[in-house]
Amino acid sequence: MIVEQECDWFRTYAADIYSGAGAIVDLGCFVGSTTISLAQGLRSNRAAKTSKIHAYDNFLWEDWMQRWWEAQGLAPPELEDDSFLSEFLKRTSPWKDQIIVHREDLAVSRWDDGPIEFLLVDAMKSSELAQSITRNFFRFLIPGKSHVAHQDFAHWLTSWIHLLQFRLRDSFAVAADIPMSGTVVFRYRKQFSPELVGDLSMTSVAAEEIESAFDYSLGLVSDSKKPNVVAAKAMAYLHRGDVNRAREVVGTNRWGATSFGQDLEIVERLIRERSSSP
């Protein structure tokens with residue numbers, strides 16, 4: 001589910017930038033594309049090649065995964081009951097000595113293994129998960145050294161990521177806006193107070209802060225990624241039940257109708273469906 005530009009960036013980071021001062025943590029590793037890219041880079045890193053990658057997932061096979069898998073024309077995955085852990089282990093087997101697998105629910109998972117130098121996040125699929133991950137992993141980041149890669153920064157569903165990074169904007173700066181993908185990488189500049197995170201649900205926040213958060217996000221990414229951020233902004237209002245404002249957000253989009261993954265089209269369809277609901 002990632003593009004070659006992401007693989008290249010993760011590989012290069014692990015080979016040339018990663019120092020070994022903290023762990024590499026991959027949250028939401030799915031069947032291992034991100035984990036493999038990091039492991040490939042790590043093998044070329046003379047200073048930290050013995051470091052491990054901590055790969056987290058609940059490894060539960062869901063209906064949407066089956067639909068996506070079949071649409072790609074892939075061979076049937078190795079499943080045990082409802083788990084795809086076997087598929088992950090098969091694909092990552094050449095790098096197994098560099099990987100520590102965590103089969104855990106990130107809603108309750110706790111990190112207790114020291115500083116984190118690189119945190120790759122593809123698991124903030126709800127505002128509750130976003131708060132849990134921030135609370136349990138972000139506090140181990142190293143000011144001035146760590147990086148956080150949000151794979152869903154430019155994804156239509158995950159509006160809370162924009163609220164999170166807006167609230168923590170004084171502590172993070174963009175390090176990379178990876179082309180042709182939803183990924184934006186942030187460098188951790190200075191420690192933040194946990195109180196700044198707060199409630200990340202769209203129903204808990206004032207509309208004025210949503211507007212400010214997405215204005216901030218639009219200023220961080222390339223024009224090609226802005227339609228995806230617009231889709232996430234419209235979705236923020238759908239999360240609130242404000243269909244009219246969501247429609248306005250899409251209708252005033254200045255960056256074209258083409259978005260990665262057809263994000264705008266997905267949100268436009270949701271707006272039509274909810275507009276016609278009784």
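## Salt bridges: exercises with solutions

In this predicted model, Lys 226 and Asp 223 join their side chains in a salt bridge, at 3.2 Å from N to O. Let's work through this pair and some others.

**Exercise 1.** Find how far apart Glu 87 and Lys 90 lie in helix 4, and classify the accessibility of Glu 87 and of Lys 90.

*Solution.* First, the contact: the side chains of Glu 87 and Lys 90 form a salt bridge with an N to O distance of 3.3 Å. Next, the spacing: helix 4 covers residues 85–92, and the two residues are three apart in it, so about one helical turn separates them. Finally, the accessibility: Glu 87 is buried at 2%, whereas Lys 90 is partly exposed at 41%.

**Exercise 2.** Which residues are linked with Glu 87 and Lys 90 in a network of salt bridges?

*Solution.* Follow the links: Glu 78 and Arg 91 belong to this network along with Glu 87 and Lys 90. For context, the structure holds 14 salt bridges.

**Exercise 3.** Classify the accessibility of Glu 4 and of Arg 11.

*Solution.* These side chains meet in a salt bridge at 3.8 Å, N to O. Glu 4 has a relative accessibility of 45%, so Glu 4 is partly exposed. Arg 11, at 26%, is partly exposed.

Conventions
Residues are numbered from 1 along each chain as its sequence is written. This is a predicted model: local features need pLDDT of at least 70, side-chain atom pairs count only at pLDDT 80 or more; totals for chains, interfaces and linings use all residues. Side-chain values use heavy atoms; hydrogens and water are left out. A salt bridge is a side-chain nitrogen of Lys or Arg within 4 Å of a carboxyl oxygen of Asp or Glu. Buried means under 20% relative accessible area, exposed over 50%, partly exposed in between (1.4 Å probe, protein chains only). Helices (H or I, at least four residues) and strands (E, at least two) are DSSP runs, numbered from the N terminus.
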